[in-house]
Amino acid sequence: MPPVSVCIIGKNEEQHIEHCLAPLAPFPFEIVYVDTGSTDRTKELAGKHGAKIYDFKWIDDFSAARNFALEKASHEYVLFIDCDEYLTALDPEALLAAVEAHPQGVGLLLRNNYYEANGTRTNYPDRVERLFSKKRFHYKGIIHEQVVTLGADSPLYESYEIPLTVDHAGYSGGMDAMRQKAGRNNTLLFREIKKNPKDPYLYFQVGQSYNGIYDYENAYIYYKKSFALPLHFPEPWVQIMATAYINAMNHTGRSEEARTFFEPLYEHFSGDANFYCSMGNIYLNLDPPQPLRAMAEYVKALQCQNAREEGANSFIPYYNIGLVNEMLGSRDSALRFYQKAADFGFSPAVERLTELNDS
């Protein structure tokens with residue numbers, strides 16, 4: 001293991017902090033916990049697990065809190081983990097090899113984001129920048145902060161994957177907690193937009209806040225603002241926004257607008273199972289629907305090796321191909337594809353199978 005300081009910032013996280021710290025205990029990490037004003041037992045519980053605890057007065061700036069943690073870390077290399085992220089896999093020897101091979105890069109851990117969708121526990125995995133040298137990097141941005149090179153705002157640096165996986169429980173709370181979090185985040189984001197009205201990433205994040213609480217009308221408004229600005233389509237967050245924007249338009253009766261907007265941009269997002277599924281949904285939601293064009297998109301999704309969201313290249317297109325076959329009057333084919341989706345435990349497919357078999 002390279003000498004690494006694990007840095008964590010939090011406030012009133014007593015329900016998460018022990019789940020976060022306990023899996024770190026077998027490894028020789030220094031644990032730096034920065035508290036931004038807890039009134040519960042978070043600091044007490046962090047201390048039980050050997051964390052070095054520091055207080056930081058909250059100033060509505062996540063980067064300031066993270067950079068304070070950097071100052072308190074004893075080691076050059078730091079690994080940031082959030083309180084609601086729980087370590088599930090780590091290969092120490094492979095981690096050392098990765099750091100030695102990329103001493104001036106930023107390591108990307110694998111994060112599994114779990115949430116409920118259509119009655120099914122769904123996982124949306126992503127890679128996030130968390131391991132780096134504090135002599136070379138720090139954080140910028142008051143919210144949804146980003147790693148930047150010290151002395152420059154250029155994003156040009158090497159990123160590499162590290163053999164470390166966490167489960168993210170942040171999306172598993174109740175709707176009241178999600179609304180509270182969205183309101184807090186958007187307050188800070190709107191403040192940043194006043195300073196940087198031409199930054200599309202800020203509008204994207206506002207849209208994400210609304211999307212997370214199923215406010216698709218406002219999500220649509222802010223994704224549209226982001227797409228109206230110059231974008232670099234290959235960036236991962238732009239790829240995510242494309243499918244989220246389509247989803248918001250489908251939910252607000254704007255499927256024809258989605259078709260008109262994204263068909264000319266198709267090549268920029270092709271190759272992604274999530275995008276193919278979203279395009280298929282557009283064609284199913286048109287008036288009149290275009291089921292054969294929808295099916296072609298779902299078949300493309302099945303042919304993708306990877307997917308950003310669990311099921312986008314398996315049970316989701318299987319289920320939707322079942323829907324298309326049912327629309328076309330092919331009951332046997334519909335049953336076959338519903339069964340393929342049901343084999344993954346996808347609740348809507350199980351329910352549709354029951355309904356068709358009982359009819």
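**The cysteines and their chain**

Guide: C7 counts as buried because its relative accessibility is 0%; buried means under 20% relative accessible area, exposed over 50% and partly exposed in between, with a 1.4 Å probe and protein chains only. C304 is buried too, since its relative accessibility is 12%.

A word on the source. This is a predicted model, in which local features need pLDDT of at least 70, side-chain atom pairs count only at pLDDT 80 or more, and totals for chains, interfaces and linings use all residues. Residues are numbered from 1 along each chain as its sequence is written, and side-chain values use heavy atoms, without hydrogens and water.

Now the bonds. A disulfide is a pair of cysteine sulfur atoms within 2.5 Å. By that rule there are zero disulfides. For C7, the nearest cysteine sulfur belongs to C20, 12 Å away. For C304, the nearest is that of C277, at 8.4 Å.

Next, the chain around them. Of its 359 residues, 51% count as buried. The chain has 15 helices and ten strands. These are DSSP runs, numbered from the N terminus: helices are H or I with at least four residues, strands are E with at least two.

Among contacts with a separation of 6 or more, 62% join residues 24 or more positions apart. Along its principal axes, the C-alpha trace spans about 65 × 45 × 40 Å.

Key: Contact means heavy atoms within 4.5 Å.
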